[in-house]
Amino acid sequence: MIETPPSQVSPEPATAGSVRAFTAEPVPRPLTPLIGRVQETEATLAFLANPDLRLLTLTGPGGVGKTRLALRAASLVVESAGWSVAFVNLSSVPDASLVRTAIAQALGVPVGDQATLMSRLVTTIGDSQLLLVLDNFEHVISDAIAVVELLSQCPGVKALVTSRMPLHIQGEQEFPVQPLVPPPPGAANDVVSLAANEAVALFVQRARAAAPGFTLNDRNADVVAEICAQLDGLPLALELAAARIKIFTADSLLKRLNDRLGVLTGGPRDLPSRQRTMRDAIRWSYDLLSLDEQVVFRRLAIFSGSFSLGAATDIVDFPVEDGEPSDGPVDVLDCMLSLLDKSLIIRVDQGENEYRFRMLETIREFGLGRLNEAGETDIVRRRLLRFFTDLVVSFEFDLIGPNQHIILRRLDQEVGNLRLALQTGLDLDSAASVHGLRLASGLWRYWLVRGQLSEGSRWLSRSLNAATNVPVGVRALALNNLGNLALELSQNTKAHACYMQSMELYESIDDNSGMGDELNNMGLMELIQGKFDAARELLEQSLAIRRQIGDTIALPNTLSNLGDIACFEEDYDLSETYHAEALAIRREIGNKRGIALSLSNLGMVAYLRGDTEAAERWYAEGASYAAEVDDQFGKAGILLGQGKIAVRRGQLRHGMTLLNESLLILRQMGSRRLLADVVDALAAAAAQDRRHSAAARLIGSTSTMREGNQIGITHRSRLEINDLLTELHRALGEEGFHSAFESGKRQSLETAVDEAILLAGAIAEAEALRLAQDEADTADAGAAAAEELGLTPREREVLALLAQGLSDKEIADALYISPRTAMTHVGNILAKLGVNKRTLAASVAVRKGLVAPLTEAAPHD
């Protein structure tokens with residue numbers, strides 16, 4: 001966290017007899033300590049120690065800490081014997097032609113005639129070992145040739161340059177200086193771990209300088225972490241923000257960061273003017289751009305988060321308004337390369353086949369201001385909306401095909417831009433609203449898989465309300481997809497209304513495929529509510545349509561729903577037939593998420609049949625597919641099934657872990673349909689652990705949950721619940737059961753889920769203690785039995801290996817004794833146990849607690 005002296009790697013030692021004929025400008029000593037940057041300092045020194053490297057350029061955006069890093073490295077080089085270091089501050093040099101003058105002044109060389117200045121510099125330096133630190137080179141970069149001349153004629157000189165862009169001369173090694181890494185968003189960190197983060201440490205140090213009473217504590221730690229994250233860990237931004245702690249609390253400061261550039265002002269008077277405000281630091285770089293680069297820069301600022309090269313060229317490449325200054329046709333690729341060089345955009349994670357780029361948020365805010373001044377904001381937003389709408393619509397079938405995991409990851413990368421595009425559809429005119437609706441509708445499956453049901457539903461509801469002059473098919477599909485999200489949120493009334501409206505619209509345009517969708521969805525609603533006859537009738541109509549038109553993509557959904565009806569009615573053979581056909585189709589088209597769901601359904605059928613081993617195999621395979629596409633909904637269902645298997649086998653600790661994880665996923669998603677099943681499973685586990693009052697409260701809560709949301713239940717599950725209720729009545733008595741059950745019915749869903757999570761933890765902890773006690777008791781019993789039989793400690797070791805099926809030679813190898821000695825021990829053991837076979841010895845040893853029960857291998861006779 002705080003400055004730690006790195007290993008002092010220095011340039012190669014000075015040559016014997018070199019004489020310094022100049023007086024170097026001393027390296028400035030900052031008044032505040034450098035926070036972190038240990039790795040960067042060591043890397044800088046390692047570069048400088050390379051005898052083949054003469055020019056190192058530290059690049060990065062304004063305020064990232066290039067100068068501080070260079071000063072730290074230079075100060076360590078000063079401490080190395082035989083080296084001189086000269087610091088040349090170029091920030092105040094107004095013209096590139098004065099670079100040589102600034103170098104001469106830093107070395108104490110009279111400037112005199114410019115025509116002879118370079119030769120006089122070369123003569124003065126001679127063969128001296130000199131590290132020349134050239135700070136803030138970006139605005140005089142047109143005279144980078146001066147550095148080339150000096151290095152080529154003075155073999156003992158190395159140059160350490162700080163610049164917002166590389167010099168682009170031969171022999172240059174660029175070293176990009178990155179912002180400090182802030183705490184990851186959403187991470188639950190304690191104060192100690194946050195204090196060790198370099199970005200947080202810098203903020204806290206500068207905040208204390210402004211307000212000595214400021215401390216990082218449990219109340220403000222998360223807020224400080226969020227401030228650091230919103231400022232991208234950019235040191236100058238952190239320092240300027242921390243200075244505001246004198247007048248703002250951390251909470252107030254965070255709220256004001258929606259206007260970063262207005263807040264990040266008032267830097268120290270001894271800093272260059274361009275670094276006293278964040279706006280001026282960025283403007284310094286912006287003013288160095290060509291007209292075309294300024295155009296591309298401001299348009300790229302529209303992207304929220306990272307963006308691809310393809311998106312940038314498509315959205316940014318359009319002519320400027322008549323009368324606006326321009327260099328001619330804009331070459332977006334060349335401009336982006338220049339912006340990358342000048343640290344106004346940065347390259348981030350690599351996508352599947354291409355790099356992605358982003359702007360730091362403070363720089364982006366400046367760019368958005370320039371975009372607004374140019375009157376292009378709405379134009380660029382509209383282009384962004386159209387681009388991402390077309391992209392998402394083109395992914396419709398890919399999202400259920402073999403490449404869906406790739407598409408989902410691509411959408412993860414674009415989620416900031418997708419939200420911006422969705423908001424654009426709401427903000428602009430009628431044409432934009434149609435694009436926005438198509439985008440919101442096309443994203444429903446993404447929100448479902450990623451477990452963000454509520455967000456997806458909000459965007460789609462708002463887009464439907466805002467859109468005007470929408471084609472019938474587009475509105476029908478959007479209503480259908482909104483109904484799908486509402487159904488998973490247990491908003492059954494809303495889902496039914498959406499499906500009915502969608503059905504009417506599809507009928508009006510005679511769309512058989514759409515009608516098949518709505519028949520399936522309405523059948524699913526009847527199924528969820530336990531109205532099996534009505535559900536079967538609707539689903540069979542949907543099945544007929546889908547088979548007739550050959551809709552293999554949607555057909556597995558209907559087959560699965562019919563399989564669920566058969567399962568609920570305990571016709572497991574028919575259920576398996578439906579689910580197996582659905583699985584075969586999904587395998588054929590490569591729908592990995594669908595495959596996981598079908599495997600989970602077959603697991604449920606096997607579980608209800610009582611075949612837990614088959615169920616375990618189905619669930620395990622399904623889990624691998626769900627993990628491949630990161631399907632949170634599918635994962636939660638599989639965890640539920642696996643948890644119930646563990647509880648049925650008496651493995652309460654493992655079962656609680658699985659059920660608790662499922663519960664956490666479903667709570668975050670807001671999916672109440674499966675939530676009730678998980679809470680029921682936890683209630684059964686609680687009763688098994690003799691926590692009868694807690695079990696009764698949870699069953700009371702799920703009964704309210706099911707009634708309020710019209711959630712059906714399988715016949716077998718109903719029987720299991722009835723058996724559980726009978727057990728709870730018997731354990732608690734009528735009055736005790738009624739009190740606990742009614743208490744549960746009065747609980748809110750959130751309270752019930754919180755109780756279930758705490759209960760799962762308590763059961764797991766109690767089970768762990770019981771297992772530990774059982775192991776201790778077994779060990780005590782084994783020791784007593786061994787003493788009674790007269791077994792020595794070595795004979796117990798031999799007996800444990802014998803019981804695992806090892807031969808005399810294998811026992812000898814394991815214990816580092818001779819085979820003859822092992823054979824003698826085995827003979828003694830058989831005699832003491834009163835048996836004449838190794839298999840019998842193993843059986844007696846297990847029965848008496850001398851060794852743990854075997855799971856696989858049997859001993860050799």
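Is the crossing of H20 and H23 left-handed or right-handed?

Mentor: The crossing of H20 and H23 is left-handed (the near helix is turned anticlockwise from the far one by less than a right angle; clockwise would be right-handed). This is a predicted model, in which local features need pLDDT of at least 70 and side-chain atom pairs pLDDT 80 or more, while totals for chains, interfaces and linings use all residues. Residues are numbered from 1 along each chain as its sequence is written, and side-chain values use heavy atoms, without hydrogens or water.

Helix H20 covers residues 430-442, and its axis comes within 9 Å of that of H23, with a crossing of roughly 35°. (Axes are fitted to C-alpha atoms, over the stretch in contact, and angles run from 0 to 180 degrees between N-to-C directions; helices are DSSP runs of H or I with at least four residues, numbered from the N terminus.) On the H20 side, the contact (heavy atoms within 4.5 Å) is made by Leu437, Arg438 and Ser441, and on the H23 side by Val474, Leu477, Ala478 and Asn481. By type, the residues of this contact are four nonpolar, two polar and one charged (Asp, Glu, Lys and Arg are charged; Ala, Val, Leu, Ile, Met, Phe, Trp, Tyr, Cys and Pro nonpolar; the others, Gly among them, polar).

H23 (residues 472-488) also packs with helix H25 (residues 512-528), at an angle of about 15° and with the axes 11 Å apart. H23 and H25 are therefore roughly parallel (under 35 degrees). The crossing of H23 and H25 is left-handed. From H23 the contact takes Asn480, Asn484 and Leu487, and from H25 it takes Asp517, Glu518, Asn521, Leu524, Met525 and Ile528. These residues divide into four nonpolar, three polar and two charged.

Two residues in other helices come next. Asp427 belongs to helix H19 (residues 415-427). With a relative accessible area of 42%, Asp427 is partly exposed (20% to 50%; under 20% is buried and over 50% exposed, for a 1.4 Å probe and protein chains only). Asp427 and Ala466 are 39 residues apart in sequence, and their C-alpha atoms are 9.0 Å apart in space. Glu540, in helix H26 (residues 532-549), is partly exposed as well, with a relative accessible area of 41%. Its C-alpha atom is separated by 8.4 Å from that of Asn520, 20 residues away along the chain.

Beyond its neighbours within four places in sequence, Phe303 contacts Ala311, Ala312, Ile315, Arg364, Leu384, Phe388 and Asn417.

Thr44, in helix H1 (residues 38-49), is buried, at 0% relative accessibility. Residues up to four places away in sequence aside, Thr44 touches Leu56, Leu58, Leu69, Ala73, Leu160 and Phe175.

Finally, helix H37 (residues 793-803) has Glu795, Val798, Leu799, Leu801, Leu802 and Ala803 as its buried residues. They pack against helix H38 (808-815), helix H39 (819-833) and helix H40 (838-847). Just after H37, Gly805 has a positive phi of about 95°.

Definitions and conventions:
Angles under 35 degrees count as roughly parallel, over 145 as roughly antiparallel, 65 to 115 as roughly perpendicular and the rest as oblique.
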